Amino acid sequence: MMSDQWNVLIVDDEPPIRAELRYLLSQDERIGTIFEAGGATEAVERILASRPDVLFLDIQMPGTSGIKLAETLSNLKTPPVVVFVTAFAEYAASAFELDAVDYVLKPVETGRLEKALDKVSTAMAARGPAPRAERVMRLSVERGGKRAFIPVSDIVYIEAKADYSSVVTAAGSYLVNESISSLERRLASQGFLRVHRSYLVNLDDVHDVEVSRSGLLELKVERVGATVPVSRRRTAEVKERLGLS
């Protein structure tokens, strides 16, 4: 796959329409992997698992509407670029209020879809690369009595250990001589969220959300094969940040 191709998620409750749009998109060299979802709930699961660059979103669907889904996705650190695809022209104003890059009416024509993809290209270019400061920010840690510096992007989650903190990465765990509250303040701008009094999570690593037998949310962080609990007090904020509210 070309390095500058986009991964796309098509969200529509009608399989024939998804199939037609998939075919049309696959003809464009800018498109990489194409995922599908039949509704908002499945779409959120796909977004958390696959991190698509672009969302082709129907508006009228059973349950949660496309407009509502787009509203909740705006809470993500890096939401996908949204193109609404619908049979109803009257929703255009609401769509553009949500910063959708385009509004395409069904049945979708090849020429019209190409114009939408051109607008997606412009929007993706405007985002640019991540700021250098975020990519190179490091944290001082200790392991085996030795001090090291690790990139913040390597951190999956952090667990409180009294006045210290345990930083968990794919390469192992490290001790930080700093409280989790202090790390929460320092790392909030890096996409980390306090989900429990004892846990701070890198939201980019959350690939699935489950509900425990006790009714509490649990976040699946696949990079280290672990589950992080969410406290009841923080459930609403976690849902909002993940686009689940």
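## The second largest pocket

Helix α2 gives the most to the lining of the second largest pocket, with five residues. The structure described here is a predicted model, and in this model the second largest pocket has a volume of about 270 Å³. Its lining is made up of 14 residues, and those closest to the centre of the pocket are Ala40, Thr41, Val44, Gly243 and Leu244.

Besides α2, the elements α3 (66-73) and β13 (206-211) each supply at least two residues of this lining.

## The nonpolar cores

The largest nonpolar core holds 39 residues, and within this core Leu57, Phe84, Tyr157, Val195 and Leu219 touch the most other members. Helix α2, which spans residues 40-50, provides the largest share of this core, namely five residues. Another core lies apart from the largest one and consists of 21 residues, among them Trp6, Leu25, Ile34 and Phe56.

## Ser182 in helix α7

Ser182 is part of helix α7, which covers residues 180-187. Is Ser182 buried or exposed? Its relative accessibility is 16%, and because a residue counts as buried when this value is under 20%, Ser182 is classed as buried. The side chain of Ser182 also makes a polar contact with the side chain of Glu178, at 2.5 Å.

Note on methods: Residues numbered from 1 in each chain as written. Predicted model: local features only at pLDDT ≥ 70, side-chain atom pairs only at ≥ 80, totals over all residues. Heavy atoms only, no water. Helix = DSSP H or I, 4+ residues; strand = E, 2+ residues; numbered from the N terminus. Buried < 20%, exposed > 50% of the residue type's maximum accessible area, 1.4 Å probe, protein only. Polar contact = N/O pair within 3.5 Å; in protein donor to acceptor, adjacent residues only side chain to side chain. Core = buried A, V, L, I, M, F, W, Y, C linked by side-chain atoms within 4.5 Å. 1 Å grid on protein atoms, 1.4 Å probe; cavity = no way out; pocket = protein on both sides within 12 Å on 5 of 7 lines; lining within 4 Å. Points joined across faces, edges and corners; volume = space filled by probe spheres on them.
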